Amino acid sequence: MSGEVRYRTDAEKLAVAAEQALIGLAEGGIPIGAALFDGDDRLLGAGRNRRVQHDDASVHGETDAFRDAGRQRSYRDTTMATTLSPCWYCSGLVRQFGIGRVIVGDDVNFLGGQDWIAEHGTHLTVLNDPGLITMMGDFITANPALWNEDIGEA
């Protein structure tokens, strides 16, 4: 269809996720954003970590984007862009539904299950965007208790 927005590059896809992370930070939440794209580079859904905002431990950035995308017949040709390496919970979502590709904006501040999903057939691209690394690092330094809660540490 003409007039549909296409996000052709990894940087464009990651920018959608980064915008969600900034919205989450402004809301008082954890700055992790994600977006799911179809095989034709169209945005299916976007979301952010809303654990704080919704008082719900299950609302991670990737799960929020996945929910926003609605039901899909298949996820094999989809791409998930996420600002931070997906935790084990979100990595499980990628495996469960067979999301074909994941773009990671930062695996310096946190390394989740990305190697595991790659070992099981998900195409993985790590960009390590300096702005995202700084944003997350600053957040972790300023909010260590909240960060540890988010990643399941005591």
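User: How many aromatic pairs does the count come to here?

Analyst: Bear in mind that this is a predicted model. Rings of Phe, Tyr and Trp pair if their centres lie within 6.5 Å. By this rule, the aromatic pairs come to six.

User: Take tyrosine 7 and phenylalanine 37: is that pair stacked, edge-to-face or tilted?

Analyst: The ring centres of tyrosine 7 and phenylalanine 37 are 5.4 Å apart, and their planes stand at 55°. Planes under 30 degrees apart would count as stacked and over 60 as edge-to-face. With its planes at 55°, the pair is therefore tilted.

User: How many residues apart in sequence are the parts that this pair ties together?

Analyst: Tyrosine 7 sits in the segment before α1 (10-26). Phenylalanine 37 belongs to strand β1, so the pair links parts of the chain whose separation in sequence is 30 residues.

User: On to the sheet: which strands are its edges?

Analyst: The sheet is open, with five strands in the order β2-β1-β3-β4-β5 and mixed pairing. An edge strand pairs on one side only, and that holds for β2 (43-48) and β5 (123-126).

User: At about what angle does α3 run to β2?

Analyst: Helix α3 takes in residues 61-69. It lies across β1 (33-37), β2 and β3 (79-82). Its direction relative to β2 is about 145°.

User: How do the residues of the contact of α3 with α4 divide by class?

Analyst: The axes of α3 and α4 (residues 88-97) come within 8 Å and cross at roughly 35°. On the α3 side are Glu62, Thr63, Phe66 and Arg67, which meet Tyr89, Cys90, Leu93 and Phe97 in α4. By class, that gives two charged, one polar and five nonpolar.

User: Which elements give two or more residues to the lining of the largest cavity?

Analyst: The structure has one cavity of 30 Å³ or more, and the largest cavity holds about 90 Å³ of space. It is lined by 14 residues, and the closest to its centre are Ile32, His60, Leu84, Cys87 and Asp150. By class, the lining has eight nonpolar, four polar and two charged residues. The elements asked for are α3 and α7 (144-150).

Notes
Residues are numbered from 1 along each chain as its sequence is written. This is a predicted model: local features need pLDDT of at least 70, side-chain atom pairs count only at pLDDT 80 or more; totals for chains, interfaces and linings use all residues. Side-chain values use heavy atoms; hydrogens and water are left out. Two strands pair if DSSP finds at least two bridges between them. Helices (H or I, at least four residues) and strands (E, at least two) are DSSP runs, numbered from the N terminus. Contact means heavy atoms within 4.5 Å. Axes are lines fitted to C-alpha atoms, for helices over the stretch in contact, and angles run from 0 to 180 degrees between N-to-C directions. On a 1 Å grid over the protein atoms alone, a cavity is a set of points where a 1.4 Å probe fits but cannot get out, and a pocket is an open set with protein on both sides within 12 Å along at least five of seven lines; lining residues have an atom within 4 Å of a point. Grid points are joined across faces, edges and corners, and a volume is the space filled by probe spheres set on the points. Ala, Val, Leu, Ile, Met, Phe, Trp, Tyr, Cys and Pro count as nonpolar, Asp, Glu, Lys and Arg as charged, and the others, Gly among them, as polar.
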